[in-house]
Every structure is written in structure tokens, then in C-alpha cells.
Amino acid sequence: MRSNTRFLNPSEAARRLGVSAKALRVYEQRGLVAPERTAAGWRAYGPEQMARAAGIVALRALGFSLAQVGRVLQGDPQGLEQTLAAHQAALEAQLHGLAATVAKIRSLRSDLLQGRTPTIGELADLRAPASEVRVAFELPWPWGGELFELRDIRALNYIIGPLSPRSAGPNSRSHRVAAAKPP
């Protein structure tokens with residue numbers, strides 16, 4: 001290790017990147033990032049490792065799986081077009097929503113200039129629209145049919161646990177999520 005360069009321990013590196021130290025270990029296990037080691041064998045993240053890890057975090061935020069991240073870091077853009085297209089569609093949907101809100105505000109301001117005060121309902125409509133329910137189902141016993149809804153979820157990469165319909169407890173929820181997940 002170079003002594004004139006600031007190196008971070010895993011917990012500090014993780015904090016700065018906005019991920020857990022465990023995530024950094026997984027990135028290392030997958031060969032995505034290779035932290036240097038101190039004389040005592042501790043992991044140390046310098047500027048090069050932090051830049052690479054920041055790239056990994058950014059790709060994960062775009063919805064890339066770790067396998068896709070690995071391919072991109074190796075120069076193979078397989079799947080990049082599809083993932084970027086999905087990200088673009090999500091951003092365009094947000095932009096469309098913002099444009100609609102701006103149009104509502106413009107209309108309310110015009111009404112104000114004409115002496116018409118907006119109603120509470122019209123003002124309440126300015127808040128962000130409720131996010132779309134992506135997955136919904138009734139929970140089995142012991143929850144007594146309570147409705148379980150997931151909104152604003154990223155694409156599922158995997159579900160941990162048995163997916164057998166006979167499984168009980170929390171894993172039966174993962175089975176139902178997998179069955180109800182949009183294609």
C-alpha cells in the first residue's frame with residue numbers, strides 16, 4: 001500500500017458508498033472489486049477501489065444483477081441496452097408525472113389570478129400520485145387474509161427460500177410474490 005494515499009477500512013468505505021460492509025465483501029467474493037490489504041491482512045479501499053466500487057453501486061442502482069455488473073466491468077455490454085431502456089422508461093414516466101403536476105399548478109395559478117380560490121381537494125391533488133401497486137395478495141393464516149401490497153419495487157433478481165406451495169410461514173410469501181410478480 002502506498003503510504004501517501006488515504007485508504008479506508010471496509011466500514012468507512014461502505015458508509016461513503018451507501019452500502020453495507022457485507023455488500024463490499026460480496027463484491028470482492030464475486031471478483032468485482034479487489035481491495036488492497038494492510039500488513040495485518042485487513043481490507044483497505046483506496047481511490048481506485050472506491051471508484052470501481054462506486055461504479056458497481058451505480059450499476060446496481062440501475063437494476064443490474066451482480067452477474068450483469070461483472071460482464072459490464074469486463075467490457076461485455078450484454079443486457080446493457082435492455083436495462084438502460086427500462087431505466088429510461090422509468091425516468092420518462094417520472095417526467096410525465098412532473099409535467100402533469102406543473103400543468104395543474106399552472107391552471108390553479110391562473111384561477112387565482114381570476115379571483116377563484118382552489119379547493120382543498122384541488123390542492124391535495126398536487127401531491128405526488130400514489131405509487132402503483134405492483135404485487136398484491138391476501139396473507140394466509142395467522143394474518144387472517146390481511147392484504148399484502150408491494151409498491152415501487154425494483155425488479156426481483158431472486159427469492160431466497162423454498163417456493164413449494166406446501167411451505168408455511170414467511171417462505172410461502174416468497175412463493176406468492178414469485179407467482180404474482182409481473183413478467
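Predicted model: local features only at pLDDT ≥ 70, side-chain atom pairs only at ≥ 80, totals over all residues.
1. Helices, as the word is used in this note, are DSSP runs of H or I with at least four residues, strands are runs of E with at least two, and both are numbered from the N terminus.

2. Residues are numbered from 1 along each chain as its sequence is written, and side-chain values use heavy atoms, with hydrogens and water left out.

3. Concerning the overall architecture, the secondary structure of the chain amounts to 7 helices and 4 strands, which follow one another from the N terminus in the order α-α-β-β-α-α-α-α-β-β-α. Of the 183 residues in the chain, 22% are buried, where buried means under 20% relative accessible area, exposed means over 50%, and partly exposed covers what is in between (1.4 Å probe, protein chains only). The accessible surface of the chain comes to about 12800 Å², and 56% of that surface belongs to carbon and sulfur atoms; such areas come from the Shrake-Rupley method with a 1.4 Å probe, and for residues only the protein chains shown count as cover. If contact is taken as heavy atoms within 4.5 Å, then among contacts between residues at least 6 apart in sequence, 40% join residues at least 24 apart.

4. Helix α1 spans residues 10-17, and its residues Glu12, Ala13, Ala14 and Leu17 are buried. The buried residues of α1 pack against α2 (21-29) and α3 (47-61), and just after α1, glycine 18 takes a positive phi of about 80°.

5. As for the nonpolar core (a set of buried Ala, Val, Leu, Ile, Met, Phe, Trp, Tyr and Cys residues joined through side-chain atoms within 4.5 Å), the largest one has 18 residues, of which Leu24 and Tyr27 touch the most other members. Two or more residues are given to this core by each of α1, α2, α3 and α4 (66-73), and the largest share, 5 residues, comes from α3. Neighbours within four places in sequence left aside, leucine 24 is in contact with Pro10, Ala13, Ala14, Leu17, Val19, Val33, Tyr45 and Ala53. In soluble globular proteins, nonpolar side chains tend to be buried together.

6. The structure holds 6 salt bridges, each being a side-chain nitrogen of Lys or Arg within 4 Å of a carboxyl oxygen of Asp or Glu. Glutamate 12 forms one of them with arginine 16, the closest N and O atoms being 2.9 Å apart, and glutamate 12 counts as buried because its relative accessibility is 18%. Arginine 116 and glutamate 122 meet through their side chains in another salt bridge (2.9 Å, N to O); arginine 116 is partly exposed at 37% relative accessibility, and glutamate 122 is also partly exposed, at 24%. Salt bridges that share partners, moreover, join Glu12, Arg15 and Arg16 into one network.

7. Glutamate 28, which is found in helix α2, forms a salt bridge with arginine 37, the closest N and O atoms being 3.1 Å apart. The side chains of glutamate 28 and arginine 37 are likewise joined by a polar contact of 3.1 Å, a term that denotes a pair of N or O atoms within 3.5 Å, where within protein one must be able to donate a hydrogen and the other to accept it, and residues adjacent in sequence count only if both atoms are side-chain atoms. Arginine 37 counts as partly exposed, since its relative accessibility is 40%. Apart from neighbours within four places in sequence, glutamate 28 is in contact with Val33, Pro35, Arg37 and Arg43.

8. Glutamine 68 lies in helix α4 and counts as buried at 18% relative accessibility; beyond neighbours within four places in sequence, glutamine 68 is in contact with Gly63 and Thr83. Glutamine 78 has its place in the loop between α4 and α5 (80-113) and, at 48% relative accessibility, is partly exposed. Glutamine 78 and glutamine 68 are 10 residues apart in sequence and 7.5 Å apart in space, C-alpha to C-alpha.

9. Leucine 139 is found in the loop between β3 (133-138) and β4 (147-151), and this residue counts as buried because its relative accessibility is 7%. From leucine 139 to glutamate 149 the separation is 10 residues in sequence and 9.9 Å in space, C-alpha to C-alpha.
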